[in-house]
Amino acid sequence: MWGLLKIQSSNSIISITNSLQIPERCGAILLPNATLFPQGVQPLHIFEPRYREMLDDALQSHCMICMGTLTSEETDNPQECTAPVGTVGLIRASREQTDGRSNLILHGVLRVEFTDWLFEKDYPFAAIQPAPSVSIPESETQAVVDDLRSAVYLALQNFPDAIAEQVRNAVEQVAQSPAAFADVIAQQFILDPAMRRELLEEPSVKKRFDKLVHELRNAERDDRN
(Lines give C-alpha, C1' and ligand atoms only; values in the text may rest on other atoms or scores of the structure.)
Protein backbone atom coordinates (compact mmCIF):
# COMPACT_ATOMS: atom_id res chain seq x y z
CA MET A 1 0.00 0.00 0.00
CA TRP A 2 2.85 2.38 0.73
CA GLY A 3 4.84 3.90 -2.13
CA LEU A 4 8.21 5.66 -1.86
CA LEU A 5 8.20 8.66 -4.17
CA LYS A 6 10.86 10.28 -6.33
CA ILE A 7 10.04 13.72 -7.73
CA GLN A 8 11.10 15.13 -11.07
CA SER A 9 9.98 18.34 -12.77
CA SER A 10 8.54 18.61 -16.25
CA ASN A 11 6.91 21.31 -18.36
CA SER A 12 3.31 20.26 -17.85
CA ILE A 13 3.28 17.81 -14.98
CA ILE A 14 5.15 16.86 -11.86
CA SER A 15 6.19 13.22 -12.34
CA ILE A 16 6.31 10.73 -9.49
CA THR A 17 7.84 7.43 -10.66
CA ASN A 18 7.16 6.29 -14.19
CA SER A 19 3.54 5.40 -13.57
CA LEU A 20 2.14 8.23 -11.43
CA GLN A 21 1.95 11.85 -12.51
CA ILE A 22 0.79 14.80 -10.45
CA PRO A 23 -1.21 17.50 -12.28
CA GLU A 24 -0.14 21.13 -12.03
CA ARG A 25 -3.79 22.13 -11.48
CA CYS A 26 -6.22 20.11 -9.42
CA GLY A 27 -9.61 20.22 -7.74
CA ALA A 28 -9.56 20.44 -3.95
CA ILE A 29 -12.03 19.35 -1.32
CA LEU A 30 -11.89 21.83 1.58
CA LEU A 31 -12.86 20.61 5.03
CA PRO A 32 -12.47 21.99 8.57
CA ASN A 33 -10.13 20.09 10.89
CA ALA A 34 -9.22 17.60 8.15
CA THR A 35 -5.65 16.72 7.21
CA LEU A 36 -4.49 13.89 4.98
CA PHE A 37 -0.81 12.93 5.02
CA PRO A 38 1.16 11.39 2.18
CA GLN A 39 1.01 7.60 2.64
CA GLY A 40 -2.32 7.99 4.48
CA VAL A 41 -5.79 6.87 3.47
CA GLN A 42 -8.96 8.92 3.88
CA PRO A 43 -12.54 7.76 3.22
CA LEU A 44 -14.75 10.53 1.84
CA HIS A 45 -18.48 10.87 1.26
CA ILE A 46 -19.11 13.17 -1.71
CA PHE A 47 -22.57 14.74 -1.74
CA GLU A 48 -22.32 18.47 -2.59
CA PRO A 49 -23.04 19.14 -6.29
CA ARG A 50 -19.77 21.03 -6.74
CA TYR A 51 -17.75 18.14 -5.33
CA ARG A 52 -19.69 15.63 -7.43
CA GLU A 53 -18.59 17.63 -10.47
CA MET A 54 -15.01 17.68 -9.17
CA LEU A 55 -15.04 13.91 -8.71
CA ASP A 56 -16.44 13.34 -12.21
CA ASP A 57 -13.72 15.55 -13.71
CA ALA A 58 -10.99 13.77 -11.75
CA LEU A 59 -12.22 10.29 -12.70
CA GLN A 60 -12.24 11.29 -16.35
CA SER A 61 -8.65 12.56 -16.21
CA HIS A 62 -5.87 11.98 -13.66
CA CYS A 63 -7.95 10.40 -10.83
CA MET A 64 -6.54 12.83 -8.27
CA ILE A 65 -7.95 15.45 -5.95
CA CYS A 66 -6.38 17.55 -3.21
CA MET A 67 -7.44 17.80 0.40
CA GLY A 68 -7.18 21.25 1.94
CA THR A 69 -7.86 22.42 5.47
CA LEU A 70 -10.28 25.26 6.09
CA THR A 71 -8.84 27.71 8.60
CA SER A 72 -12.05 29.72 8.95
CA GLU A 73 -15.56 29.76 7.56
CA GLU A 74 -15.42 29.05 3.83
CA THR A 75 -15.65 32.06 1.49
CA ASP A 76 -15.80 32.45 -2.27
CA ASN A 77 -12.03 32.94 -2.30
CA PRO A 78 -10.25 29.83 -0.94
CA GLN A 79 -7.06 31.80 -0.38
CA GLU A 80 -8.79 33.65 2.46
CA CYS A 81 -9.87 30.54 4.34
CA THR A 82 -7.60 27.63 3.38
CA ALA A 83 -4.25 26.52 4.79
CA PRO A 84 -1.43 27.05 2.27
CA VAL A 85 -0.31 23.41 2.29
CA GLY A 86 -2.47 20.40 1.49
CA THR A 87 -2.07 16.90 0.08
CA VAL A 88 -2.81 15.64 -3.38
CA GLY A 89 -4.29 12.17 -3.31
CA LEU A 90 -5.06 9.34 -5.69
CA ILE A 91 -8.63 8.04 -5.84
CA ARG A 92 -8.18 4.35 -5.02
CA ALA A 93 -11.87 3.43 -5.14
CA SER A 94 -15.10 5.27 -5.85
CA ARG A 95 -18.63 3.93 -5.63
CA GLU A 96 -21.52 6.05 -6.82
CA GLN A 97 -24.87 5.59 -5.09
CA THR A 98 -28.27 5.70 -6.76
CA ASP A 99 -28.87 9.29 -5.58
CA GLY A 100 -25.64 10.57 -7.17
CA ARG A 101 -23.62 10.65 -3.99
CA SER A 102 -20.32 8.76 -3.89
CA ASN A 103 -18.10 7.05 -1.36
CA LEU A 104 -14.42 7.06 -2.18
CA ILE A 105 -11.03 6.19 -0.76
CA LEU A 106 -8.32 8.80 -1.21
CA HIS A 107 -4.67 7.73 -0.86
CA GLY A 108 -2.36 10.60 0.03
CA VAL A 109 0.52 11.00 -2.42
CA LEU A 110 2.38 14.28 -1.92
CA ARG A 111 2.43 17.50 0.11
CA VAL A 112 1.58 20.42 -2.13
CA GLU A 113 1.40 24.17 -1.88
CA PHE A 114 -1.67 25.90 -3.26
CA THR A 115 0.15 28.52 -5.32
CA ASP A 116 -2.92 30.07 -6.95
CA TRP A 117 -6.66 29.59 -6.71
CA LEU A 118 -8.35 29.55 -10.11
CA PHE A 119 -11.97 30.44 -10.74
CA GLU A 120 -12.71 28.50 -13.91
CA LYS A 121 -14.59 25.69 -12.16
CA ASP A 122 -17.65 25.55 -9.91
CA TYR A 123 -15.55 23.82 -7.25
CA PRO A 124 -12.28 24.84 -5.54
CA PHE A 125 -9.56 24.52 -8.18
CA ALA A 126 -5.91 25.38 -7.64
CA ALA A 127 -2.48 25.53 -9.21
CA ILE A 128 -0.26 23.31 -7.09
CA GLN A 129 3.41 22.53 -6.66
CA PRO A 130 5.33 20.16 -4.35
CA ALA A 131 5.80 21.59 -0.86
CA PRO A 132 9.56 21.50 -0.15
CA SER A 133 10.92 19.30 2.63
CA VAL A 134 14.29 19.59 4.37
CA SER A 135 15.85 16.14 4.74
CA ILE A 136 17.52 14.84 7.89
CA PRO A 137 21.34 14.83 7.62
CA GLU A 138 22.46 11.30 6.81
CA SER A 139 24.65 11.15 9.91
CA GLU A 140 21.58 11.72 12.13
CA THR A 141 19.02 9.62 10.29
CA GLN A 142 19.40 6.28 12.05
CA ALA A 143 19.27 7.74 15.56
CA VAL A 144 16.20 9.83 14.72
CA VAL A 145 14.39 6.88 13.12
CA ASP A 146 15.23 4.59 16.05
CA ASP A 147 13.94 7.18 18.53
CA LEU A 148 10.57 7.44 16.79
CA ARG A 149 10.33 3.68 16.27
CA SER A 150 10.88 3.21 20.02
CA ALA A 151 8.13 5.73 20.87
CA VAL A 152 5.74 4.06 18.41
CA TYR A 153 6.34 0.56 19.73
CA LEU A 154 5.82 1.77 23.28
CA ALA A 155 2.51 3.35 22.27
CA LEU A 156 1.44 0.12 20.54
CA GLN A 157 1.44 -1.70 23.87
CA ASN A 158 -2.01 -0.17 24.44
CA PHE A 159 -3.39 -1.45 21.11
CA PRO A 160 -4.99 -4.83 20.34
CA ASP A 161 -2.40 -7.31 19.08
CA ALA A 162 -3.80 -7.48 15.54
CA ILE A 163 -3.79 -3.70 15.08
CA ALA A 164 -0.33 -3.38 16.65
CA GLU A 165 1.04 -5.96 14.23
CA GLN A 166 -0.46 -4.16 11.24
CA VAL A 167 1.11 -0.86 12.33
CA ARG A 168 4.51 -2.52 12.94
CA ASN A 169 4.41 -3.99 9.45
CA ALA A 170 3.54 -0.61 7.95
CA VAL A 171 6.34 1.05 9.91
CA GLU A 172 8.95 -1.42 8.69
CA GLN A 173 7.84 -0.99 5.08
CA VAL A 174 8.62 2.74 5.16
CA ALA A 175 11.35 2.96 7.79
CA GLN A 176 14.03 3.39 5.10
CA SER A 177 12.37 6.66 4.05
CA PRO A 178 12.31 9.02 7.05
CA ALA A 179 9.77 11.40 5.49
CA ALA A 180 7.37 8.55 4.66
CA PHE A 181 7.91 7.02 8.11
CA ALA A 182 6.96 10.28 9.84
CA ASP A 183 3.86 10.69 7.67
CA VAL A 184 2.63 7.15 8.36
CA ILE A 185 2.94 7.72 12.11
CA ALA A 186 1.28 11.14 11.93
CA GLN A 187 -1.65 9.70 9.98
CA GLN A 188 -2.11 6.80 12.38
CA PHE A 189 -1.45 8.34 15.80
CA ILE A 190 -2.02 12.10 15.82
CA LEU A 191 -5.65 13.07 16.37
CA ASP A 192 -5.44 16.75 17.32
CA PRO A 193 -6.36 18.80 14.20
CA ALA A 194 -4.00 21.65 15.03
CA MET A 195 -1.04 19.31 15.48
CA ARG A 196 -1.87 17.43 12.28
CA ARG A 197 -1.86 20.69 10.35
CA GLU A 198 1.39 21.75 12.03
CA LEU A 199 3.05 18.48 11.02
CA LEU A 200 1.80 18.72 7.45
CA GLU A 201 3.09 22.28 7.05
CA GLU A 202 6.47 21.69 8.78
CA PRO A 203 9.18 21.63 6.07
CA SER A 204 11.87 20.07 8.29
CA VAL A 205 11.62 16.28 8.44
CA LYS A 206 13.75 16.31 11.60
CA LYS A 207 11.30 18.66 13.33
CA ARG A 208 8.40 16.40 12.28
CA PHE A 209 10.16 13.54 14.07
CA ASP A 210 10.77 15.66 17.17
CA LYS A 211 7.11 16.69 17.33
CA LEU A 212 5.90 13.12 16.85
CA VAL A 213 8.17 11.70 19.55
CA HIS A 214 7.05 14.46 21.92
CA GLU A 215 3.35 13.81 21.21
CA LEU A 216 3.64 10.02 21.53
CA ARG A 217 5.57 10.15 24.80
CA ASN A 218 3.22 12.74 26.28
CA ALA A 219 0.25 10.55 25.37
CA GLU A 220 1.95 7.55 26.99
CA ARG A 221 2.54 9.52 30.22
CA ASP A 222 -1.08 10.67 30.22
CA ASP A 223 -2.28 7.08 29.85
CA ARG A 224 -0.19 6.02 32.85
CA ASN A 225 -1.55 8.90 34.98
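Begin by selecting glutamate 120, which is partly exposed at a relative accessible area of 47% (buried means under 20%, exposed over 50% and partly exposed in between, with a 1.4 Å probe and protein chains only). This is a predicted model, in which local features need pLDDT of at least 70 and side-chain atom pairs count only at pLDDT 80 or more, while totals for chains, interfaces and linings use all residues. Residues are numbered from 1 along each chain as its sequence is written, and side-chain values use heavy atoms, with hydrogens and water left out.

Glutamate 120 and arginine 25 form a salt bridge, with 3.1 Å between the closest N and O atoms (a side-chain nitrogen of Lys or Arg within 4 Å of a carboxyl oxygen of Asp or Glu). Because glutamate 120 lies in the loop between β8 (102-118) and β9 (125-130) and arginine 25 in strand β4 (residues 25-32), the pair ties together parts 95 residues apart in sequence. Helices (H or I, at least four residues) and strands (E, at least two) are DSSP runs numbered from the N terminus.

Then select arginine 50 and glutamate 74, whose salt bridge has its closest N and O atoms 2.9 Å apart. Arginine 50 belongs to helix α1 (residues 49-59) and glutamate 74 to the loop between β6 (64-70) and β7 (85-96).

Finally, move to aspartate 146 and arginine 149, which meet in a salt bridge of 3.0 Å, N to O. Aspartate 146 is partly exposed at 36%, whereas arginine 149 is buried at 18%.
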